[in-house]
Amino acid sequence: MTTTGLSKRIPLHGTPHQVTYYAEQSLYPLIVSVPVVRPLNQVLSIMADQDLVHHMDNDATSADDLQKTYTVEEFEVRVLELEKPSGRWETRSTIPMQSFENALTVRIVTLHNTTTKENETLMAIGTAYVQGEDVAARGRVLLFSFTKSENSQNLVTEVYSKESKGAVSAVASLQGHLLIAAGPKITLSKWTGSELTAVAFYDAPLHVVSLNIVKNFVLFGDIHKSVYFLSWKEQGSQLTLLAKDFGSLDCFATEFLIDGSTLNLAVSDSDKNLQIFYYAPKMVESWKGQKLLSRAEFHVGAHLTKFMRLQMLPAPGLASEKTNRFALLFGTLDGGIGCIAPIDELTFRRLQSLQRKLVDAVPHVCGLNPRSFRQFKSNGKAHRPGPDNIIDFELLAHYEMLSLEEQLDIAQQIGTTRAQILSNFADISLGTSFL
């Protein structure tokens, strides 16, 4: 997919890690780290045990080393705003983290204040202290409120801060509550206006890397143990496990893929694969609903680190009873942007037949076969192949590059017309034209 338009680089003088959007005031909170040079003895005094530093001070050889410098990353959360008349990006507020505290996640959350009985929009930040493997992991949960003052100094105000056991890797709002993932523990808390009070817990296997919410459903990815699908019940205050993937998967990112009334669960892994699961408790192979079933799998060839769920735009050829249709826009570690979107059954079958023809009809880069390349890569782990339910639009795009005679011939071979295929292409491009 190609787009035309204006792009602008924003000088941060640091490394961006995560960005979110506050629509009400058109603000962009952004996690940024900046390298800072510090004396080694100052670094050790913060990171290490004081007895160890004293021992190193007494060591003649170590004393020389302590005069050296060490580069550390200092984290902060900046709140950026695009000035309309000038088109310049302005930093409206900066929230510095403490020494050796890394900001891991920032989210705009809507919490129900149990004191005022009103909903509040807050900025939630999850952090972790990086002090070496000999120090127990800990982090903080921070909540900030926004003001509508033009004075940038008063744009955000800290309303809550609490230290937690474990790195706070993900936060999300769930029906007015705050869901916090700290290491292997997921905690659901209610907001009183000044305090977070835990109302439910769930223990993950190892370490939670992502949290996603749709209505009262929770999807989370574990660093080594794949994805888990939970539900929240207000009555009884319970976080209940509905199903999970029993495979071994190193999760990178997760998100819900919504196709009408069908809820799918997408996950990317460390082997550059994309998998889509679904929950079907009435099917025998789901082990009475305990196991998530595979709907599709695809080797992307790049690490997918973030999914963004966007509602598909209306297209004439995609008009159906499924009006509530979402696509997932994703970014990769090698600088790529891609999209995965649901399509109706008839279009899928037609384009899948076209894809099989193009594997043989199109010359491939370096002679690499896309059918083999797009197969799930398990890297030696046990894996039962899932259904082939994803079509590769990157391959399909070569159809329009063929000669007219070849296009007509291939369309006839699969029992359709060139006009029908190009119409399907146009509908898909229009429905996913987010950029």
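This is a predicted model: local features need pLDDT of at least 70, side-chain atom pairs count only at pLDDT 80 or more; totals for chains, interfaces and linings use all residues.

Reader: Okay, then is R295 buried, partly exposed or exposed?
Author: The relative accessible area of R295 is 30%, which is why R295 counts as partly exposed.

Reader: Which strand is R295 in, and which residues does R295 touch?
Author: R295 belongs to strand β20, residues 293-299. Not counting residues up to four places away in sequence, R295 touches T262, N264, I276, F277, Y278, P387 and N389.

Reader: And how many residues of β20 are buried?
Author: Five of the seven residues of β20 are buried, so the strand is largely enclosed by the rest of the structure. Strand β19, residues 273-278, is joined to β20 by six bridges, and the two run antiparallel. In that pairing, N273 has H299 of β20 as its bridge partner.

Reader: How far is R295 from M123 in space?
Author: From C-alpha to C-alpha they are 35 Å apart, and in sequence R295 and M123 are separated by 172 residues.

Reader: Changing topic, where does Q98 lie?
Author: Q98 lies in the loop between β4 (89-96) and β5 (101-113). Its relative accessibility is 43%, so Q98 counts as partly exposed. Leaving aside neighbours within four places in sequence, Q98 is in contact with Y129 and R140, and its C-alpha is 8.2 Å from that of E74, which is 24 residues away in sequence.

Reader: What about the largest nonpolar core, which residues touch the most other members?
Author: That core has 19 residues, and those touching the most other members are L179, I186, L211, V218, F220 and L239. At least two core residues come from each of β9 (168-174), β10 (177-182), β11 (185-191), β12 (196-203), β13 (208-214), β14 (217-222) and β15 (227-233). As general background, nonpolar side chains tend to be buried together in soluble globular proteins.

Reader: What is L211 in contact with?
Author: Apart from neighbours within four places in sequence, the contacts of L211 include R107, A170, V171, L179, I186, V218 and F220.

Reader: What order do the strands take in the open sheet of four?
Author: The order is β13-β14-β15-β16, with antiparallel pairing. Strands β13 and β16 (238-244) stand at the edges with a single partner strand each, so one side of each has no neighbour in the sheet. Neighbouring strands are turned by 25 degrees against each other on average, direction ignored. Within this sheet, β14 and β15 pair over five bridges, and F220 has Y228 in β15 as its bridge partner.

Reader: Which residues of α8 are buried, and why are they on the same side?
Author: The buried ones are I421, N424, F425, D427, I428 and G431. They cover an arc of only 165 degrees around the axis, which puts them on the same side of α8. These buried residues pack against α4 (345-361), α6 (393-396) and α7 (404-413).

Notes. Residues are numbered from 1 along each chain as its sequence is written. Side-chain values use heavy atoms; hydrogens and water are left out. A nonpolar core is a set of buried Ala, Val, Leu, Ile, Met, Phe, Trp, Tyr and Cys residues joined through side-chain atoms within 4.5 Å. Buried means under 20% relative accessible area, exposed over 50%, partly exposed in between (1.4 Å probe, protein chains only). Contact means heavy atoms within 4.5 Å. The arc is that of the directions from the helix axis to the C-beta atoms. Two strands pair if DSSP finds at least two bridges between them. Axes are lines fitted to C-alpha atoms, for helices over the stretch in contact, and angles run from 0 to 180 degrees between N-to-C directions.
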